[in-house]
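Here is a quick, friendly tour of a protein model and what it holds. Have a look at the sequence and the 3D view, then read on.

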Amino acid sequence: MPHEVNGVVASGKGAPVGIATVVVPDPGPTEALVSVQACGVCHTDLHYREGGIGDDFPYLLGHEAAGLVEAVGSDVTGLEPGDFVILNWRAVCGQCRACLRGRPWYCFATHNATQKMTLTDGTPLSPALGIGAFADKTLVAAGQCTKVSPAIKPEVAGLLGCGVMAGLGAALNTAGVTRGDSVAVIGCGGVGDAAILGASLAGARKIIAVDVDDRKLDWARQFGATDTVNSASADPVEQIRALTGGNGADVVIEAVGRAETYTQAFYARDLAGIVVLVGVPTPEMRLDLPLLDVFGRGGALKSSWYGDCLPARDFPMLVDLHLQGRLPLDKFVSDTIPLDGIEEAFAKMQRGEVLRSVVLL
Ligand SMILES: NC(=O)c1ccc[n+]([C@@H]2O[C@H](COP(=O)([O-])OP(=O)(O)OC[C@H]3O[C@@H](n4cnc5c(N)ncnc54)[C@H](O)[C@@H]3O)[C@@H](O)[C@H]2O)c1
Ligand SMILES: [Zn+2]
């Protein structure tokens, strides 16, 4: 029997989101019905409602979520009603060319439940990142459910489903930060602060936080930044070099998504260092660098998609570290809000007042 629940729907480009009744079918053979407990408000949800990701309106927003499995399809194994799960947008397929080459963190498969969630008039909804979790219940591919310890609070756990994992993984997986490294992170929102936390967990010796907002720099210290630079008033390249004995950092992580901050990252890194781009640029952005500098400075220029994570490997491990008191993920939750608070949360995000607002359901 289909379920009728409240969900947050973006009906057209730029239009404010609203709550609508969503019809959620029972799971198909390889799917799971999840009762959502918490879902973070991510910049990507705003991109969807602004038409920046596609034109498949109406969208059912929300994708940084945790909840309880309510029902599973007939072919699903290893997942049962009552399991506490974090939803992921990388259910490793095992069959695409990346998986077959042993690089499953590049898995190209997209996962959408075959049963469509709809509005009450039958209009199909496009779930954000194949998840759509600003709703009391959602339907996903079973592989999008990663079981973790239920001892973690849902509003904290859900954040691992997107932005916090992207930042942690940019440092830990993509850059491979290790003991003694110097690391600079440009842009200290939720993603950048998670990169700072990842660098700290990996044993970086110096972690330089760069932002244009002093409030963000204060928060960055709480996640492990050893030094801060306000790049609105000082040249970040000069400052990062000065803080690293004139050399530049071993690793620079760009978590804004702009050409000028990428250029800063490029020049703020030591010779043969690593730049990781985790911020997402927009289509019109262009980069202009002397090719001789790309050659002459050597090293690696990488991008990080979802922190190169493997949900089944990384989520349970990070949850355990959190429960042991070694990973203060709760600091990312700036406020908890009801389902009808999304527009206000978008505004707070744009004013830089929060790291994450999280909807409790
Ligand atoms: N690669 C991925 O898999 C992935 C996943 C999630 C999010 N993201 C992207 O990561 C980026 C950051 O996301 P977020 O949620 O932290 O966003 P956010 O808006 O919370 O944070 C951005 C931060 O950058 C700072 N900033 C803005 N302009 C700056 C400048 N010129 N110099 C220095 N700092 C500047 C802001 O003050 C803010 O603190 C976004 O582009 C987002 O789309 C990427
Ligand atoms: Zn996201």
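## Rings that pair up

Let's start with a definition: rings of Phe, Tyr and Trp (its six-membered ring) pair if their centres lie within 6.5 Å, and planes under 30 degrees apart count as stacked, over 60 as edge-to-face and the rest as tilted. With that rule, a search of the whole structure turns up seven aromatic pairs. One of them joins F57 and Y59, edge-to-face, with 5.0 Å from centre to centre and 75° between the planes. Ring pairs also tie Y48, F57 and Y59 into a cluster.

How buried are F57 and Y59? F57 has a relative accessible area of 18% and is buried, and Y59 counts as buried too, at 4%. (Buried means under 20% relative accessible area, exposed over 50%, partly exposed in between, with a 1.4 Å probe and protein chains only.)

## How to read this model

This is a predicted model, in which local features need pLDDT of at least 70 and side-chain atom pairs count only at pLDDT 80 or more, while totals for chains, interfaces and linings use all residues. Residues are numbered from 1 along each chain as its sequence is written, chains are lettered from A and ligands numbered from 1 in the order in which they are written, and side-chain values use heavy atoms, leaving out hydrogens and water.

## The zinc site

Which residues hold the zinc ion (ligand 2)? C42 (SG), H63 (NE2) and C162 (SG) coordinate the zinc ion, at 2.0 to 2.4 Å. Donors here are N, O and S atoms within 2.8 Å of the metal (3.2 Å for Na, K and Ca), and water is not among the atoms, so sites may look incomplete. Along the sequence, the donors follow the spacing C-x20-H-x98-C.

C42 sits in the loop between β3 (31–40) and α1 (43–49), and H63 in the loop between β4 (59–60) and β5 (64–72), so the pair ties together parts that are 21 residues apart in sequence. (Helices, H or I with at least four residues, and strands, E with at least two, are DSSP runs numbered from the N terminus.) Both C42 and H63 are buried.

## A proline in a loop

P25 is found in the loop between β2 (18–24) and β3. P25 is buried, with a relative accessible area of 15%. The C-alpha atoms of P25 and A220 are 42 Å apart, and 195 residues separate the two along the chain.
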